[in-house]
Amino acid sequence: FPVTIISPSSQLKVLYNPKAFFTHAALDVTAEQLGFKIPEDSIKVYGIVTDLDMDGGTATIVTYLTGDASIYLSSGGGFIGAGQHESVRKVTKEFVENGHLISFKGEKFENPDLPTKGNANFYFLSNMGKTRITESMSKMENGNSEYSKLFEELNIVMNEIRLKSGQ
């Protein structure tokens, strides 16, 4: 599983704050804070925050339509500012744009929950509110989920962050 091979790099800022802080902070970002003005008569997803169960820990991947991307690990550490690399920005923007239609299948939520064992929580941020989809990672990995393509694209983002972390 790609996220297990990500390790802190001396060239990236390492974070040791509690994971929950990052998920909540990432979910509170507005389209306006990112520099987007979304017309009132349209719906636009501007961010996807994903929590992955990692055998007792959690990896949080924060992605915005701006191309900004970060990974936070509940065990301590992570990568911020990966969107400074053009290749990361490109795959991140594609991931968020492609998540737009899937976001309508999600349920509105008040507070984020940690993913249950073996699951991923996808949180979609749009000008019409926040929705969540929870799915089994093994089903997505095996192509047995309607969200397999979303999971595949998330892995592309994570791999690109990992590749750029060594620079």
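**Reading the surface and the core**

Modeller: Let's start with Met128: its relative accessibility is 48%, so it counts as partly exposed. Keep in mind that this is a predicted model.

Biologist: Where is Met128 placed?

Modeller: Met128 is in the loop between strand E6 (119-126) and strand E7 (129-136). Together with Ile43, Leu101 and Phe104, Met128 makes a nonpolar surface patch of about 420 Å².

Biologist: Now the inside. Which residues touch the most other members of the largest nonpolar core?

Modeller: A nonpolar core joins buried residues through side-chain atoms within 4.5 Å. The largest one here has 43 residues, and Ile48, Leu52, Phe122, Leu154 and Ile161 touch the most other members. Among the elements giving two or more residues to this core are helix H1 (19-27), strand E1 (45-54), helix H2 (86-103) and helix H4 (148-165). H4 gives the most, with six residues.

Biologist: What does Ile48 touch, leaving out residues up to four places away in sequence?

Modeller: The contacts of Ile48 include Ile61, Val62, Phe95, Val96, Phe122, Phe124 and Leu150.

Biologist: And the backbone? How do I read a phi value there?

Modeller: The general idea is that most residues other than glycine have a negative phi. Asp55 is not a glycine, yet its phi is positive, about 50°.

Biologist: Where is Asp55 found, and is Asp55 buried or exposed?

Modeller: Asp55 is in the loop between E1 and E2. Its relative accessible area is 71%, so Asp55 is exposed; the cut-off for that word is over 50%.

Terms used: Residues are numbered from 1 along each chain as its sequence is written. This is a predicted model: local features need pLDDT of at least 70, side-chain atom pairs count only at pLDDT 80 or more; totals for chains, interfaces and linings use all residues. Side-chain values use heavy atoms; hydrogens and water are left out. Patches are made of residues with over 30% relative accessible area and no salt bridge: like charges are joined within 9 Å, nonpolar side chains (Val, Leu, Ile, Met, Phe, Trp, Tyr) within 5 Å. Accessible areas come from the Shrake-Rupley method with a 1.4 Å probe; for residues, only the protein chains shown count as cover. A salt bridge is a side-chain nitrogen of Lys or Arg within 4 Å of a carboxyl oxygen of Asp or Glu. Helices (H or I, at least four residues) and strands (E, at least two) are DSSP runs, numbered from the N terminus. Buried means under 20% relative accessible area, exposed over 50%, partly exposed in between (1.4 Å probe, protein chains only). Contact means heavy atoms within 4.5 Å.
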